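Me: I have a structure open and would like to go through it with you. Could you keep to what can be computed from the atoms?

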Amino acid sequence: MKHVYGWLLLTPAAILLIGFTHYPTLRTIGESFFSRGSSLRPSRFIGLDNYRAMFDDPIFWKVLTNNLWFALGTIPTSIILALTMALLVNRALPGRALVRMAFFTPTILPMIAVANIWLFFYTPDIGLIDQILSLVGISGHNWLGDPATVLGAIIVMTIWKEAGFFMIFYLAALQHLPPELREASRLEGAGRWHHFRRVTFPLLMPTTLFVLINAVINSFKLVDHLFILTKGGPNNASNLLLYYIFETAFSYFDTNFAATLTVALLFLLALMALAQFYLLDKRVHYR
Amino acid sequence: MGNDLQVVCLEKRWGDFTAVDRVSFTVAESTLCVLLGPSGCGKSTILRMIAGLEEASGGSIYIAGRDVTTIDPARRGVSMVFQSYALFPHLSVGENIVFGLKVRKIGATERAARLRQAAELVGLAELLERKPAQLSGGQQQRVALARAIVSQQPVCLMDEPLSNLDAKLRSEMRSEIRALQKRLGLTMVYVTHDQIEAMTMADQVILLKDGRVEQSGPPHELYERPATAFTAGFIGAPPMNLLVLDELPNLNEIKAATDDMSLPRSPAGMRYGVRPEDIELAEDGLSARVEAVDFLGAGSIITLHHQNQQLLASCSGRAALTIGQQVYLRWPPEAVHLFSANGRTEAEESIHP
């Protein structure tokens with residue numbers, strides 16, 4: 001009788017979890033082993049053919065490389081920036097609430113609005129950046145149209161949006177640190193930097209791990225900005241893995257190949273999350 | 001010049017609020033001075049100003065004859081034990097203890113030697129690899145002590161170090177801290193609100209009230225000759241009984257308790273103090289009714305009512321009294337302390353009219 005009661009309590013959560021997470025995951029993995037179906041030729045089992053095609057697909061390698069650069073460009077910078085901003089607004093500062101809000105504003109803006117703001121910054125000749133550059137005599141540049149600068153432009157915008165979000169986590173963690181720790185180290189003669197390196201930063205490690213995992217997931221999750229700004233172009237120079245999946249599924253309607261790419265993405269993310277937990281767990285002090 | 005500490009006219013103000021008001025005292029080398037007082041009396045603020053964690057609004061602080069009022073906390077020659085211990089949770093016990101030595105760039109061999117010595121002094125030698133979270137409250141307290149000892153600063157400041165410990169551990173640590181202080185010859189300033197800590201540990205007690213020094217001196221002096229009604233009520237457990245003479249309809253009874261000791265003619269606002277331990281049960285004297293008897297083992301504390309005023313009396317053993325019983329109280333004339341309306345003793349009044 002007790003068993004039945006327990007299972008009944010679990011059912012609502014289990015239905016949601018299975019319906020929206022586990023079943024789609026398994027279905028996706030299943031789909032990736034089938035060919036693209038059409039009205040003339042129904043979908044059939046083709047084993048690992050889709051995976052072979054994926055490894056032969058130059059665009060797949062291109063978006064994967066792009067994604068790697070995008071992750072390397074956004075993650076360390078936004079974390080360092082977030083920590084710096086958190087340390088800055090954690091002190092007594094005139095207009096502290098205002099500064100905190102200013103740092104956090106980019107985060108609460110919808111993605112589409114952010115992309116529109118930055119579209120205005122990046123527009124050739126009449127955009128904010130080009131207008132400022134023209135003052136010092138540098139002529140207009142198509143930031144989003146040039147394969148050499150487009151990924152960098154998106155990286156800058158992503159950092160701008162993410163740093164404020166990560167700052168909130170650091171700020172919360174900083175406010176949990178007892179102020180006596182700083183007083184104790186002051187009495188021992190430890191300077192600000194020494195205290196940060198030896199006490200504050202190690203005590204923030206759980207937050208850093210959390211933020212790092214979020215940042216990695218976010219760097220593989222970007223679709224909206226690309227949709228508004230570049231659609232992955234020019235010539236896939238700003239295309240990222242998730243946007244490529246989106247295109248494959250909903251522009252080219254090749255859901256089976258999209259499923260294959262999705263499995264690759266899931267595999268990558270799982271691998272990285274595991275690596276982070278195993279490598280960093282020893283260096284993280286949980287209270 | 002020894003390692004003495006001198007505080008002259010120290011002040012701390014926050015806006016209109018004066019937390020510490022012209023406090024002066026001297027702590028002789030290798031003695032233990034207790035800053036005692038109820039919460040909010042400014043005792044912790046004084047300690048934090050001595051440490052340099054709080055800026056003084058006025059006055060000066062001298063350590064070993066050197067004016068340190070505006071000097072950086074690290075260069076004043078003080079170590080401090082915090083109420084919360086302020087241990088670094090991610091560092092092991094050993095690393096916590098030598099944290100300051102590393103900052104001060106003391107060589108590894110000397111560091112190890114000093115760590116071993118300090119750890120043995122406080123009985124932590126076996127636990128150096130542990131993290132603070134794996135220690136009991138008493139052991140964490142010892143780590144904080146060892147961190148103060150290992151720095152070898154001449155003046156040691158303690159901010160209510162025992163308030164997070166249970167009663168048994170507290171009395172153990174009291175005698176241990178006192179023994180360490182004597183053995184190492186530390187000049188120690190010890191903040192507490194617990195008068196038992198003050199009585200048992202101090203060479204000198206400075207009793208504070210509302211940011212001012214109420215009375216200072218050796219513990220026995222504060223107990224035997226309280227200069228004010230506040231001191232009388234704060235020092236001693238249970239505290240001194242303070243009867244309001246105005247509210248007694250008949251002063252003859254209270255005179256009878258002491259073989260007709262004469263009382264001042266105008267008792268307006270005057271309080272009559274007598275310690276519970278001086279009160280004896282007798283055949284005649286002040287009449288009182290027994291309200292409660294608390295048996296403590298070695299003795300009992302009897303709560304009594306005379307008219308509408310409460311009196312406490314302590315006696316040895318188990319008092320054979322029933323609640324509601326009528327008893328008579330007596331005490332020797334020399335046990336009486338009279339305080340005038342402004343709280344000062346009669347003797348002081350005659351000196352400072």
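Me: How much of chain B is buried?

Reply: Buried residues make up 52% of the 353 residues in chain B, where buried means under 20% relative accessible area, exposed means over 50% and partly exposed is in between, with a 1.4 Å probe and protein chains only. This is a predicted model, in which local features need pLDDT of at least 70 and side-chain atom pairs count only at pLDDT 80 or more, while totals for chains, interfaces and linings use all residues. Residues are numbered from 1 along each chain as its sequence is written, chains are lettered from A and ligands numbered from 1 in the order in which they are written, and side-chain values use heavy atoms, with hydrogens and water left out.

Me: And what is the buried share in chain A?

Reply: In chain A, 39% of the 287 residues count as buried.

Me: Which residues have the most contacts inside the largest nonpolar core?

Reply: That core has 76 residues, and those with the most contacts inside it are Tyr170(A), Phe25(B), Leu35(B), Ile46(B), Ile50(B), Met80(B) and Leu157(B). Helix 3 (residues 58-89) of chain A gives the most to this core, with 10 residues. A nonpolar core here is a set of buried Ala, Val, Leu, Ile, Met, Phe, Trp, Tyr and Cys residues joined through side-chain atoms within 4.5 Å.

Me: What does Leu35(B) touch?

Reply: Leaving aside residues up to four places away in sequence, Leu35(B) touches Phe25(B), Lys43(B), Ile46(B), Val189(B), Tyr190(B), Val191(B), Thr192(B), Ile206(B) and Leu208(B), a contact meaning heavy atoms within 4.5 Å.

Me: Ile46(B) is in helix 1 of chain B, so why is that helix largely enclosed?

Reply: Eight of the nine residues of helix 1 (residues 43-51) of chain B are buried, so the helix is largely enclosed by the rest of the structure. The buried residues are Lys43(B), Thr45(B), Ile46(B), Leu47(B), Arg48(B), Met49(B), Ile50(B) and Ala51(B). Just after the helix, Gly52(B) takes a positive phi of about 95°.

Me: Which residues have a positive phi although they are not glycine?

Reply: Ala86(B) has a positive phi of about 50°, and Asp210(B) also has one of about 50°. For background, most residues other than glycine have a negative phi, and most peptide bonds are trans.

Me: Where are those two, and are they buried or exposed?

Reply: Ala86(B) is in the loop between strand 6 (78-81) and helix 2 (93-103) of chain B and is buried, with a relative accessible area of 4%. Asp210(B) lies in the loop between strand 9 (204-209) and strand 10 (212-217) of chain B and is exposed, with a relative accessible area of 57%.

Me: Where is the cis peptide bond?

Reply: A cis peptide bond joins Ala237(B) and Pro238(B), with omega about -5°, and Pro238(B) is found in the loop between helix 8 (229-234) and strand 11 (241-244) of chain B.

Me: Changing topic, how much area do chain A and chain B bury between them?

Reply: They bury about 1,900 Å² between them, 66% of it on carbon and sulfur atoms, where buried area is the accessible area (1.4 Å probe) that two parts lose on being put together, summed over both. Leu187(A), Glu188(A) and Arg198(A) supply 39% of the area that chain A buries against chain B, more than any other three residues. The contact takes 17 residues from chain A and 23 residues from chain B.

Terms used
Helix = DSSP H or I, 4+ residues; strand = E, 2+ residues; numbered from the N terminus.
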